[in-house]
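I want the overall build first, then a sheet, then a helix pair.

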Amino acid sequence: MSVPSQKTQQTQASSSQPCGCQPSEEEMLRSLDAVIDGFKKTDGALIPILQTAQNLFGYLPATVLKHISMRLNIPYSEVTGVVSFYSFFSTVPRGKHVIRVCLGTACYVRGGKEVLEAFKKNLKINVGETTPDRMFSLEVGRCFGACGLAPVAMIDEDVHQRVKSAKIREIISQYQHEGEDVKEAKS
Amino acid sequence: MTKVLINHQEVEVPAGATILEAARKLGVEIPTLCYLEGKLPIGACRVCLVEVEGAKRLVASCSTPVTEGMRVHTNNKKVREARRTVVELILSEHEGACQYCTRSEDCELKKIASHLGIEDVHYKGEKPPVHIDASTPALVRDSGKCIKCRRCVTVCREVQGVGALFPQNRGYKTVIGPAFAMDLDHVACVQCGQCAAICPVGAIQEKNDIDKVWEVIENGTKHVVVQTAPAIRAALGECFGYSPGTLVTGKMVTALRRLGFNAVFDTNFAADLTIIEEGNELLTRLKKALVDKEPVSLPMFTSCSPGWIKFAEYYYPEFLPNLSTCKSPQQMFGALAKTYYAAQKGIKPEDIVVVSVMPCTAKKFEAQRPEMNASGFQDVDYVLTTRELGFMIESAGIDFKNLEDGQMDSPLGLSTGAADIFANTGGVMEAALRTVYEVVTGREFPSADLRLAPVEGLKGIKAASLVIQGTLPEWNFLENVEVKVAVAHGLANAADLLDQIKEGKASFHFIEIMTCPGGCIGGGGQPRYTDDSVRLARINAIYQEDAGKKLRKSHTNPQIQKLYEEYLKKPLGERSHHLLHTHYHERTKV
């Protein structure tokens, strides 16, 4: 089954926005509909469509789930049943950047837990939460297949290797600045 | 055909049949909880485990097909112990409150546990939190009692095409319910109660209105009348040990009188009235279409079944103009009891309480629809299911089996055989044709015994057509017209038929739709457990009741004739419009 990769979706979403600002909900729904319609005749299309929607919207709001239910003609209860079954799907807003700290075996023995604690302390949030400025969400990952580089943390699509607790503040600030750069460029 | 040995007995079944089916053919009982007749097995409950010689593990008999020469053991130590473990694990999470659960006498889980000789549950641990959803007028769901067998999920999605229920969350946290485990009144549930009818335990039940009815009866200041739907008389006996399909009309009337109702009436009376109004509505629509060439919504659909009405409001709003504007017989009865009957008796409408006994849970919802107050008050005050009535009779200490037969009271108690057959799929169509054909031609409906075989039976969608000839002058626009009718029961079948019409693959003039499989006799409020053999037995009883009536056509009911002379004046007249007709509105599906 061909699933549009996160990368493509992100490019699609941002390419329609030459100004670089967030696409409107309506525009995102339009891109989602194009994907849904492409899947219309495929059985088992719900999960790839939910993945696409989560990539577009950052999370799965009820309005989007209802939209998917209507357009695919699948009962709403079934759509939310699938969403609530998989921990990958989130129905609460996530930050602009999703930090996933690996706690797989290799990362765990090489200090993944300390790395996670450092992220918690720096961001002042717990696992599953989002910072009040909506910049960062913190999650736990179970092995990204980069055990040789342990401990590993992923921020969005970037893999940060051999992370040390002392370096966390620096890593976070890279992403914070990135946001400010965009704002400055705009103004 | 495949030959297998079950407990050393040989049996031959078609290739692809399951071990469970083979065992049942032999008369070997295997306990099941999630299994539903005619539906794809899901193997969720694991109660039907059996041993197959040569297999590494025990297998679920409901979902394992037989193979040639297979040797199966359904009752040995290994199987019994495994089933015991499975049932104990289910019981360990089951907040059954069995001492006072209303299902304790017919609880399938309790029965299986007792057959397995379970005396204690060896698995102690956390139990899931209990949430009781009493948000709708018709149904109460108790998550603590739910054993997650998913029968309700299957029936709601596959039989009714609704899909209001689905497992939410995962593992230990799984709950069966609407989206995000919301309450039922937040979602598109039609309140048909098929989930309550097939739930093996007490997790989904009708909302109990028994105490409210006792209160108005005992209060003594109100004139409390009761109406019983056509399907009750063919099923109520099952609450007292009679076999399915035993007619208990007379005993039911006596029991109702003993319970203290001031008058015992018949929803059948209003069913006869429905035929007059609906038949005239159909002829009016046909005339508009064929003579006046006016735009008119055809096919016309029957509107007796409140689950179907709510289904159309959610899922097929484009067909709402096609629904007959006639209220259901229950609501016509309520409106007349608090106007026509009130005036006759010299009782103020506010002093009359109308109680209905229905095979249906959706009727509880219908009675509370805000538009159902033509008398100036809520036309029907309380709705009891067949099961609730059975419970009331039993708890009142009435020896039902030894009751003498009673007669319904006048004037709202007289009915024809056409009203009886409102209880089963195809019956409203036959009843309508008996009257419409005679009105148009002056001759009796020409089919054998006033019945129309193609629209009877348990097939999901049925169709028939007849060419009308020899019309009376007033109706000569129907001469040689081929009238096409269709009948569907079970909302998934109804949806299928509606889609065919939408796509232009089928066209009809008149369509009967009943929410529940088999029609009202298989309603969500009927005695448990209803399968196709029970449905057929009840349908036979209904036709027996019809055949036993002297009057079998609605327009020949003298009390209906009198009602028009004295009160309504004419079908579709002003009073009818006000009291007997209604409107529908689109509802948000998601």
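**Entry 1: chain B overall.** I counted the secondary structure elements of chain B and got 18 helices and 18 strands. The model is a predicted one. Next I looked up the radius of gyration of chain B, which is 25 Å. The globule rule gives 25 Å for 590 residues, so chain B is as compact as a globular protein of that length. I then took the extent of the C-alpha trace of chain B along its principal axes: about 80 × 55 × 45 Å.

What share of the 590 residues in chain B is buried? I found 51%. For burial I counted other C-beta atoms within 10 Å, and 20 or more make a residue buried. I also checked contacts in chain B between residues at least 6 apart in sequence. Of these, 73% join residues at least 24 apart.

**Entry 2: a sheet in chain B.** I traced an open sheet of four strands in chain B. The order reads β12-β11-β14-β15, and the pairing is parallel. Which strands stand at the edges? They are β12 (263-266) and β15 (382-385) of chain B. Each has a single partner strand, so one side of each is left without a neighbour in the sheet.

I went on to one pair. Strand β14 of chain B, residues 352-358, runs parallel to β15(B), and four bridges join the two. I looked up Ser356(B) and found its bridge partner in β15(B) to be Val383(B).

**Entry 3: a helix pair in chain A.** I turned to α2 (residues 25-39) and α4 (residues 62-72) of chain A. They pack at an angle of about 35 degrees, with axes 11 Å apart. Is the crossing of α2(A) and α4(A) left-handed or right-handed? I noted right-handed.

Which residues make the contact? From α2(A) I wrote down Leu29(A), Asp33(A) and Ile36(A). From α4(A) I wrote down His67(A), Ile68(A), Arg71(A) and Leu72(A). Sorted by class, the contact has four nonpolar, one polar and two charged residues.

Technical notes:
Residues numbered from 1 in each chain as written. Chains lettered and ligands numbered in written order. Predicted model: local features only at pLDDT ≥ 70, side-chain atom pairs only at ≥ 80, totals over all residues. Pairing = 2+ DSSP bridges. Rg over C-alpha atoms; globule rule 2.2 N^0.38 Å. Buried ≥ 20, exposed ≤ 12 C-beta atoms within 10 Å, placed from the backbone. Contact = placed C-beta atoms within 7 Å. Axes fitted to C-alpha atoms, helices over the stretch in contact; angles between N-to-C directions. Left-handed = near helix turned anticlockwise from the far one by under 90°. Nonpolar A, V, L, I, M, F, W, Y, C, P; charged D, E, K, R; others polar.
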